[in-house]
Amino acid sequence: MDDLPALSPASVLVLTSISQGQIYGYSIMQGTAMPSGTVYPILSRLEKAELIISRWQERPPEEKDQRPPRKYYSLTVKGEAFLATENDPLATSVQVGAESAS
Amino acid sequence: MRATLVFQRGFLWGTACALPAFARAEWLATWSAEVWHIQNGGVGWKESWRFTLGSVADILASRRDHPQEPSYLIHSPAGCLLTMALVNAPLALLGLFSSSLYRNLWFNPLRDAIRGRTVIPVFNAWHQQLYIAALCFLIAIVVAAASPRPRVFSECRLCWNMSFNRAVLFYLTKLLLATSLFEYGLTLTALLPPLQIYGSVLAYVCMLRWAIRDQQQRCPVCLRRLTSPVQFGHPSCSLLDRDLQEYVCGDGHGVMHIPVAPLSGESPQAWLPLI
């Protein structure tokens, strides 16, 4: 657990939003009530920290419309581990205890 | 709706120019697709523009996370001065041409019409130009006196001082060339007072800022632009985990640490010599 990065509350909110099934930028904005100028830099940093992974929307070849593919985000194993730690009350209390002891 | 989408895509294209080239295509595809889906999802134009304007914050964050490599035109000090001189040359010719044109116009029967149309008459504008140029030169000298001198972990003070003198000379030459660009800009916009005052002064301030940033990112020994920028630290941990960019000299002279947000009371950058 030592290699997990320290994240801001907004980043944790975005991570939680992705884990709840909001997988593209605008839905994450709606889920977190944060503007696009906050959400997209957080997504870039989470991707750089390997907590999430992005992929382009797959479209069947028979679709002839001009709809551009969206970018979808999903949690990595590391991201799931981070959220599990973040949501674990025991881990949180241990962390708080360690911080107050130091 | 279609017109809004076209404007929004144009806006995204324009802002994407500020991104590093390697990240531009993917960034543009991500944002354009999202804007298209928002527009076609029945969202109002205000909401869709609010989303699009957020791209500016994303661009700024990306630029901070991916510091850019310098252009090869300004990599070496000679190349940098040559490029600035080459930009100066056509502007000087244009400035001479336009100033002679303005003089002819002034002695022409049309002068009354010009005087009526322009807020600043040409001869007064010349005086004002000289005044502003002198003021700018003064600012340049003051800025030069406060030239960023990095902390150095070296024992060779004599070599360091010689290199520092070269750096100051190069810095002053750059500022002089920037000032002359400003002067030509003033001459060229003599008949457009708002553009002359606001546009030229803004451009001059931008050029000065560029000159300072350029000087910060040069090797103090060979004066070449430092390369391979790497981001360290975290913006929210400015005390214990300093937010800084590390550059390395291509010739192996050393490593420069430049804080993104310098703290007061401390040298803005630190140079670690490797040779």
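Predicted model: local features only at pLDDT ≥ 70, side-chain atom pairs only at ≥ 80, totals over all residues.
The interface involves 20 residues of chain B and 20 residues of chain A. Together the two chains bury about 1,700 Å². Carbon and sulfur atoms account for 59% of that area. On the chain B side, 29% of the buried area comes from T30(B), E34(B) and H37(B), more than from any other three residues.

Two salt bridges are found across the interface of chain B and chain A. One of them could be assigned to E34(B) and R70(A), whose closest N and O atoms lie 3.1 Å apart. Six residue pairs are in polar contact across the interface, both residues being at pLDDT 80 or more. On chain B, the elements that give two or more residues to the side touching chain A are α2 (21-39) and α3 (45-65). By class, this side of chain B has nine nonpolar, eight charged and three polar residues.

Helix α3 of chain A covers residues 36-48, 13 residues in total. From first C-alpha to last, α3(A) reaches 18 Å, close to the expected 18 Å at 1.5 Å a residue. Its buried residues are S36(A), G37(A), V39(A), Y40(A), P41(A), I42(A), L43(A) and L46(A). After α3(A) comes E50(A), with a positive phi near 60 degrees.

Notes:
Residues numbered from 1 in each chain as written. Chains lettered and ligands numbered in written order. Heavy atoms only, no water. Contact = heavy atoms within 4.5 Å. Buried area = accessible area lost by both parts, 1.4 Å probe. Salt bridge = Lys/Arg side-chain N within 4 Å of Asp/Glu carboxyl O. Polar contact = N/O pair within 3.5 Å; in protein donor to acceptor, adjacent residues only side chain to side chain. Helix = DSSP H or I, 4+ residues; strand = E, 2+ residues; numbered from the N terminus. Nonpolar A, V, L, I, M, F, W, Y, C, P; charged D, E, K, R; others polar. Expected span 1.5 Å × (residues − 1). Buried < 20%, exposed > 50% of the residue type's maximum accessible area, 1.4 Å probe, protein only.
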